[in-house]
Amino acid sequence: MMRNSNYSLRAFARDLDINSGTLSQIFSETRIPSSELANSIFSKLDIKANVRRDCLEQLEKLRRNNRKNFEFLAIIDYDKFHLLKEWFYLPILEFIRIAEKPCTLYLLSKKLSIPFDEVKIAIDCLVTNGYLNKKTSDVIELNPDFLSASTVGSVITSPELKRFQKINLDLASKALDEIEIESRDNSTVTFSVNLKDIQLMKEEIKKFRRKMIKLFSKNKRPKERVYNMSIALFPVSEKLVD
C-alpha cells in the first residue's frame, strides 16, 4: 500500500476485512493488534508460518512492555463506538485498570456512583466486545489488549461521537457545582487565529492529551481516582472577511 499512491488505506482495510480506523491505529503505532487480529491479517497476506511466529512473539513482547510501563494506546474502534452507550463505560475500564484488588460489580457501582443494574449491562457489553474478561460471575478483569488510558477523538464525526462529547461537557458543567476546586480545573482562553492553522492547533491538542496521559498515568505513584479531561476548541465569531 505504501508504494502505490492509488491504493488507499481504506481499500487495504477492506481487503483485510478490518475497520480502516483499526488499521490506521496499527500503522501509527497507537494500537497493538491482538493475536487473533494479527493472525487474520497474516492469513489475508499469505504470510509464511515462520515469519508469522516471529511477528506474534514480537507483538507479545510489546504487550508485556506496555503492561509494565502503562504506555498510551487508543483502543476504541470507531465501528464499535456506538456500542458504548453511556459515559461511564470508559471510566469503568480505567477504574478496573487501577484497582489494586479484584474488581466486582458492587465496587464499580459504589465508586462510580452508577446503579448496579446499569453497571451489569455495561460489563456485559464490554465483555462481549472484547474489552473485559470475566473471572467469575461477579469479578472482572481487563482484556490484556486494553493497556492504559483511552482517548476519543477523530477527524470524522458521527451521532454517537457527538452524543459522547456532549455528555462529557455536561459532566464538566456538573462538576463545577459538585466537585471541590482543589480536585478539578476549569479555564477558558479566547484568542484569534488564521484558519490555515486550525489543523496544526488540533495536532497540538492531540499531543497535549497524550502528554498528560503519559506523565500522570505512567508515573510511579499509585493511582487513586479516575478523571475525565474534555477539551473544546470552537469559533465564537464569523470570519472577518467572507
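**View 1. Ser183 in the loop between α8 and α9.** Ser183 is found in the loop that links α8 (159-178) to α9. In this predicted model, Ser183 has a relative accessible area of 15% and is therefore buried, the limit for that class being under 20%. Leaving aside residues up to four places away in sequence, Ser183 touches Arg225 and Tyr227.

View 2. Glu100 belongs to the loop between α5 and β1 (103-104). Its relative accessibility is 76%, so Glu100 counts as exposed. Pro222 sits in the segment that follows α9 (198-217). Along the chain, Pro222 and Glu100 are 122 residues apart, yet a distance of 9.3 Å separates their C-alpha atoms. For Glu100 and Lys223, which are 123 residues apart along the chain, the C-alpha separation is 9.3 Å.

**View 3. Packing of α1 against α2.** Two packed helices are described by the angle between their axes and the distance between the axes. Helix α1 (residues 9-16) and helix α2 (residues 20-27) have axes that come within 9 Å and cross at roughly 110 degrees. The two helices, α1 and α2, are therefore roughly perpendicular to each other. On the α1 side the contact is made by Leu9, Arg10, Phe12, Ala13 and Leu16, which meet Ser20, Leu23, Ser24 and Phe27 of α2. By class, the residues of this contact between α1 and α2 are six nonpolar, two polar and one charged.

**View 4. Packing of α5 against α7.** The axes of helix α5 (residues 89-98) and helix α7 (residues 116-128) lie 10 Å apart, and the helices pack at an angle of about 80 degrees. That angle makes α5 roughly perpendicular to α7. From α5, Tyr89, Ile92 and Leu93 meet Ile121, Ala122, Ile123, Cys125 and Leu126 of α7. The contact of α5 with α7 has eight nonpolar residues, with no polar and no charged ones.

**View 5. The buried face of α3.** Which residues of helix α3 (residues 35-45) are buried? They are Leu37, Ala38, Ile41 and Phe42. Seen down the axis of α3, the buried residues fall within an arc of 135 degrees, so they line one face of the helix. Asp46 follows α3 and has a positive phi, near 55 degrees.

**View 6. Cysteines Cys103 and Cys125.** Cys103 has a relative accessibility of 2% and so counts as buried. Cys125 is likewise buried, because its relative accessibility is 15%. A disulfide is a covalent bond between the sulfur atoms of two cysteines. With a cut-off of 2.5 Å between cysteine sulfur atoms, the count of disulfides comes to zero.

**View 7. The protein chain as a whole.** The protein chain contains nine helices and three strands. Along the sequence, these elements follow the pattern α-α-α-α-α-β-α-α-β-β-α-α. Of the 242 residues in the protein chain, 31% are buried. Among contacts in the protein chain with a separation of 6 or more, 61% are between residues 24 or more positions apart.

Methods. Residues numbered from 1 in each chain as written. Predicted model: local features only at pLDDT ≥ 70, side-chain atom pairs only at ≥ 80, totals over all residues. Heavy atoms only, no water. Buried < 20%, exposed > 50% of the residue type's maximum accessible area, 1.4 Å probe, protein only. Helix = DSSP H or I, 4+ residues; strand = E, 2+ residues; numbered from the N terminus. Arc of directions from axis to C-beta. Axes fitted to C-alpha atoms, helices over the stretch in contact; angles between N-to-C directions. Parallel < 35°, antiparallel > 145°, perpendicular 65-115°, else oblique. Contact = heavy atoms within 4.5 Å. Nonpolar A, V, L, I, M, F, W, Y, C, P; charged D, E, K, R; others polar.
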